[in-house]
Amino acid sequence: MLNKELISSAIPTLNPGDTVFQAMELMQEFHVMQLPVVAEDKYLGMASEDDLMNADENATLESISQHFSRIAAKANSHFLEAVQMANEHNLSLVPVIEKDSEFTGVITASDLLKQLGKTTGANEPGGIIVLEMEQRSFSFSEISKLVETNDAQITQLNTHWDNNNGAFYVTIKVSKFEISDIVATFQRYEYQVKYYFGEELYENELRSNYDHLMNYLNI
C-alpha cells in the first residue's frame, strides 16, 4: 500500500495568513496535534500544537514559520515510511507530498494503525508465538517447517531487534488457536519461547473432562 492510497479527505489545511488562534481551533475541532500549512498547493511545513501554545494567538502562521516541521512522506513510497515518521516524531498525522513539495494530503495515525493491522495479520484468527534467539540463528525455512509439522501454517512473521536488551525477537502468527503442540515443538528443538498467546490444548482437554464429569453427575 502506497502513502497516496491512504490519504484522508477529512483533515483541513492551514494557510500562512491564518492566525495562531484559528490554527488551534481547527486542531481542537479535528482532534489532532498538528496541521499542514499549504500555499498554492505547496507544502510549507507543519504547525504543531506545542509551538502554537507559546505564540501570540493573533500572530499569523507566516510570522512563526521558522518553527514549522518540514517532515513529510513521499506519495509513492510504501506506507511503512509514514508509520516510521509517525512513531519517531509522535505525529497524529503525516503530510504526504509529490516531488517539488507539491502537497498531496495527509494520513492520520489511526488510518496508519488500521493498515498496519491488516498488513501484519492482526485481524486474522490464530495464535501468536514470540521466539527469542541469536540473530545469526534465524532461519525462516526451519521455523516454517516446525510449524507445518503441527498441521498449521505461518500467516505472518516479523522480526525485531531490541536495542535495550540486545535481543532478537521473531513474532509468528499461525493459522490455528491451539498452539501448545507448536510451542512444545519449538521447545523440543531448543528454541527459547518468550511468549505465546492462544488456546492451549490441555485447557480444552480439561474443559472436555469437566463437561463429561458434569454429565456423569447429572445422570
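This report describes selected structural features of a predicted model.

## Basis of the description

The model is predicted: local features need pLDDT of at least 70, side-chain atom pairs count only at pLDDT 80 or more, and totals for chains, interfaces and linings use all residues. Residues are numbered from 1 along each chain as its sequence is written, and side-chain values use heavy atoms, with hydrogens and water left out.

Helices (H or I, at least four residues) and strands (E, at least two) are DSSP runs, numbered from the N terminus.

Asn-3 lies in the segment before helix H1 (20–30). At 0% relative accessibility, Asn-3 counts as buried; buried means under 20% relative accessible area, exposed over 50%, and partly exposed in between (1.4 Å probe, protein chains only).

The side chain of Asn-3 reaches the backbone oxygen of Lys-74 at 2.8 Å and makes a polar contact with the side chain of Glu-81 at 3.1 Å. A polar contact is a pair of N or O atoms within 3.5 Å; within protein, one must be able to donate a hydrogen and the other to accept it, and residues adjacent in sequence count only if both atoms are side-chain atoms. Leaving aside neighbours within four places in sequence, the residues in contact with Asn-3 (heavy atoms within 4.5 Å) include Ala-73, His-78, Phe-79, Val-96 and Ile-107.

## Helix H1

Val-20, Ala-23, Met-24 and Met-27 are the buried residues of H1. They lie on the same side of H1, because they cover an arc of only 100° around the axis, the arc being that of the directions from the helix axis to the C-beta atoms. Their cover includes strand S1 (34–39), strand S2 (42–48) and helix H2 (49–53). His-31, which follows H1, has a positive phi, near 55°.

## The four-stranded sheet

Four strands form an open sheet in the order S7-S8-S6-S9, with antiparallel pairing; two strands pair if DSSP finds at least two bridges between them. Strand S7 (154–162) and strand S9 (192–197) stand at the edges, each with a single partner strand, so one side of each is left without a neighbour in the sheet. From one strand to the next, the twist averages 20°.

Strand S6 (residues 128–133) pairs with S9 in the antiparallel sense over five bridges, and Phe-197 in S9 is the bridge partner of Ile-128. Helix H5 (residues 140–148) lies across S6, S7 and strand S8 (167–174), running at about 135° to S7. Axes are lines fitted to C-alpha atoms, for helices over the stretch in contact, and angles run from 0 to 180 degrees between N-to-C directions.

## The three-stranded sheet

A further open sheet has three strands in the order S3-S4-S5, with mixed pairing. Its edges are strand S3 (73–74) and strand S5 (103–108), each with a single partner strand, so one side of each is left without a neighbour in the sheet. Strand S4 (residues 93–97) and S5 run antiparallel and are joined by five bridges; Val-96 stands opposite Gly-105 in S5. Helix H4 (residues 109–119) lies across S4 and S5, at about 70° to S5.

## Salt bridges

The structure holds three salt bridges, each defined as a side-chain nitrogen of Lys or Arg within 4 Å of a carboxyl oxygen of Asp or Glu. In one of them, the closest N and O atoms of Lys-194 and Glu-132 are 3.7 Å apart. Lys-194 lies in strand S9 and Glu-132 in strand S6, so the pair ties together parts that are 62 residues apart in sequence.

Arg-136 forms a salt bridge with Glu-134 at 3.6 Å between the closest N and O atoms; Arg-136 is exposed at 74% relative accessibility. For Lys-176 and Asp-181, the corresponding separation is 2.9 Å.
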